[in-house]
Amino acid sequence: MTFFLDSFQSAVLLILSLDRELLEIIGVSLNVSFASTCIASIMGIPLGLYIALNEFPLKRFVLTVLNTLLALPTVVIGLFVYSFISRRGLFGPLDLLYSQKAMVIGQVILIIPIITVFTVAAVSRIDDRYRKTALTLGAGALQTAWVIIREARFSIVAAVIMAFGRVIAEVGISMMLGGNAKGFTRTMTTAMALEYDKGEFVLSIALGIVLLLVSFTVNIFFNYLQGRSKI
Amino acid sequence: MLYEIKNLVKQYDDRVVLGLPHASLPSGKIIGLLGPNGAGKTTLLEILAFLLAPTLGEVFYQSSKVHHHESNILAFRQKVVLVQQKPILFSTTVFKNIEFPLKIRKQNRIDRKRIIEDLLRLVGMQGFKDAKAHHLSGGETQRIAIAQALACSPEVILMDEPTASVDVENQIIIERIIREINKDKGISVIFTTHDMIQATRVADETMFLYEGRIAESIHENIFSGFIETDETGQKYCVLLNQKKFQVQTDRNGPVRISIKPNLLTIRPVTEHPFESNTYQGRLLQLTHERNRIRALVDMDMPISVLIPPLVFATLSLKLGEEVFLTCPPESFEFL
C-alpha cells in the first residue's frame, strides 16, 4: 500500500511539474485520437444517415455486419492493417508502418462502426415529419440531411464522444502499428504498458491519472449533452 | 387547371389506398377534401405536395407532367407546400423556423426579417419571434407552421386537417387565415377535413373521398350494424345502439352502413309516429348550410339530418327537445 501511495504521490508531482516526456506522450495521444475521431466522423455520420434514411437490398445484413464490428478486437485490426502497410504489404512503399498515420488508419477502422451504428440509431429515432417538413419547404437532399443531423445532433455528438473515448483508451492498434517509438508514436496507453513491463510505476500512474481525467472530462461533456437533449 | 390526375393508384404492398381514375382541381380556390379517417386524404395530399410518388398513373401540375423520381421534382416542390396534420417545428426559435424556407430561397437578411415579421402578424403571433418552437401549444404550432409555409411564397398550400387538434379559438383563427391567404394573396388552398360543416363554411368547392375513391357525396352517418332476418323474410339492420331498422338488402351478418341525411324526416314528438323505422331522439344542434338546415339528433348515437328550409319553417323545432326521426329503408346505403 505504501508503495502505491509513494508512486501516486510521485506521479502527481510529475504531472504538476509538467514533465516534458509526459506532455509529449499526452500530445501524441490526443493528436492521434482527435485525428482518427474526426476522420471517422466525416465518414461514419453520412454513412449512418444514408443507411437510416434509405431502403436498399441487404440493409439488414449491413447493419448486422456493423454491429458485429463493434466488438472487433484492436489486435485483429492491428494485424489486418499491418498486413497492408508492412514492407511486404500492398501499401508497403508508402512507408506508413510505425507512424502516427498508421495508428490513425487503424483507429478509424475501429470507430467507424461505432459512429455509424449510433448515427443510424439516432437518425432512426428522429420523427419522419422533420424530413417531410424540410422537403415541402423546398429543401434539397443535402439541406434535408442537414436538418435531420441538426435534430439528432445530441445523440450523434454523443456517438462521436463515445468513439473518442474508445480510441484514447485503446492499446492494441497503437502498439502494433505505432511501435511505441518515444516522441513519435508513444501514446498514454502504450507508455503505461511499457513502464509496467519495466517495473517503473510513477510515469505509468501519472499517465493513468491523466487518462482518467480525459475520460472524466469526456463524460462530463457527454452528460451535459444528454441533459441538453431533454430540453 | 391547377392539378389534373389520371388513373392514379397508390399501393402499399398489396393494399390499394388510393385509386382515382380522373380528378381535376381548379386554381385560385379553396378546395375541401372531405372523407372519413382512412379515406386516403393524407396520401392524396402528399402526392399533390410531390412528397410521395404514386404507384401508377399521372399527375399534371399546371399542365406539366410531374415525374416524381426525377431531379426537377424540387422545382415543383418549391411551388407547393404542405402543412401536416400535426406539424413539427425544428428545435430552434420561431424566427429561425420561418427563416428556414427563406434562406433556401436565398432571400437577403433584411428581407427575411421583414417577411417574418409580416407573417407573424398575419397569424397573430407577433410576440413569439424569439420563443422556443417546442414550447408552443398545438394551436400555436399550427399557426407558425402556416407562417412557415407562407414564407415559401407558394402557389398552393395543402393543409392536412388544419383544425383537427386545435381548440375553437385557434380553429376560428386558422379558418380566417385560410380565407385571407386565398383572397388577399391569391394562393390556392386545398385542405382535408372530416367535418362537413367546416368544409361548407370554408371551401369554395368540395371533393369527397371514401376508401381511396372519389365519391359523389360524402358518406355521412357511417355506423357498424348487423343484419337479421325475421320469420317472414323481412330484413332488419340492428345498429350498435340496439335500434332496429327495416332495410332492403341481400346481405347478412355484420355490415357497415351509411344513413343518407337528406332522406331522413324529423318531427316534433307532439305528432304520433305512424311509420316504421321511427325512433325518438333529442335535437342537439341546428346549423345553416347554404340552402339547407342540418340537424344533429342524439339517438344514443349522433345522426345528421338535412332539412329543406321550407320544411324546417313548418316544423317549429326547439333545441334540446325530443323529436321523432324516421329513417326509411332507402336511406340505408351498404358500404
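The model is predicted: local features need pLDDT of at least 70, side-chain atom pairs count only at pLDDT 80 or more, and totals for chains, interfaces and linings use all residues. Residues are numbered from 1 along each chain as its sequence is written, chains are lettered from A and ligands numbered from 1 in the order in which they are written, and side-chain values use heavy atoms, with hydrogens and water left out.

**Chain B as a whole**

- Chain B has 8 helices and 20 strands. Helices (H or I, at least four residues) and strands (E, at least two) are DSSP runs, numbered from the N terminus.
- The C-alpha trace of chain B spans about 80 × 45 × 35 Å along its principal axes.
- Chain B has 335 residues, and 53% of them count as buried. Buried means under 20% relative accessible area, exposed means over 50%, and partly exposed lies in between (1.4 Å probe, protein chains only).
- Take the contacts in chain B between residues at least 6 apart in sequence: 67% of them join residues at least 24 apart. Contact means heavy atoms within 4.5 Å.

**Two domains in chain B**

- In chain B, 7 residues of domain 1 are in contact with 6 residues of domain 2.
- About 530 Å² is buried between domain 1 and domain 2 of chain B, and carbon and sulfur atoms give 62% of it. Buried area is the accessible area (1.4 Å probe) that two parts lose on being put together, summed over both.
- B:M196, B:I197 and B:T200 supply 72% of the area that domain 1 of chain B buries against domain 2 of chain B, more than any other three residues.
- Helix α7 (residues 196–202) of chain B gives the largest share of the domain 1 side that touches domain 2, with 3 residues.
- By class, that side of domain 1 of chain B has 5 nonpolar, 1 polar and 1 charged residues. Ala, Val, Leu, Ile, Met, Phe, Trp, Tyr, Cys and Pro count as nonpolar; Asp, Glu, Lys and Arg count as charged; the others, Gly among them, count as polar.
- The count between domain 1 and domain 2 of chain B is 0 salt bridges. A salt bridge is a side-chain nitrogen of Lys or Arg within 4 Å of a carboxyl oxygen of Asp or Glu.

**Where chain A meets chain B**

- 17 residues of chain A are in contact with 24 residues of chain B.
- Chain A and chain B bury about 1800 Å² between them, with 58% of it on carbon and sulfur atoms.
- B:E46 forms a salt bridge with A:K132, with the closest N and O atoms 2.8 Å apart.
- Helices α6 (128–136) and α7 (141–151) of chain A each supply at least two residues of the side that touches chain B. The largest share, 7 residues, comes from α6(A).
- By class, the side of chain A that touches chain B has 6 nonpolar, 5 polar and 6 charged residues.

- B:Q84 is found in the loop between β6 (80–83) and α3 (94–104) of chain B.
- B:Q84 counts as buried because its relative accessibility is 10%.
- Leaving aside neighbours within four places in sequence, B:Q84 is in contact with A:R129, A:K132, A:T133, B:Q142 and B:D160.

**Salt bridges**

- The count comes to 22 salt bridges over all chains.
- B:E117 forms a salt bridge with B:K113, at 3.4 Å between the closest N and O atoms. Both lie in helix α4 (residues 109–122) of chain B, 4 residues apart, about one turn of the helix.
- B:K129 forms a salt bridge with B:E117, at 3.9 Å between the closest N and O atoms. B:K129 lies in the loop between α4 and α5 (138–150) of chain B and B:E117 in helix α4 of chain B, so the pair ties together parts that are 12 residues apart in sequence.
- B:E180 and B:R176 meet in a salt bridge (2.9 Å, N to O). Both lie in helix α6 (residues 168–183) of chain B.
- B:D111, B:R114, B:D118 and B:R121 are linked in a network of salt bridges.
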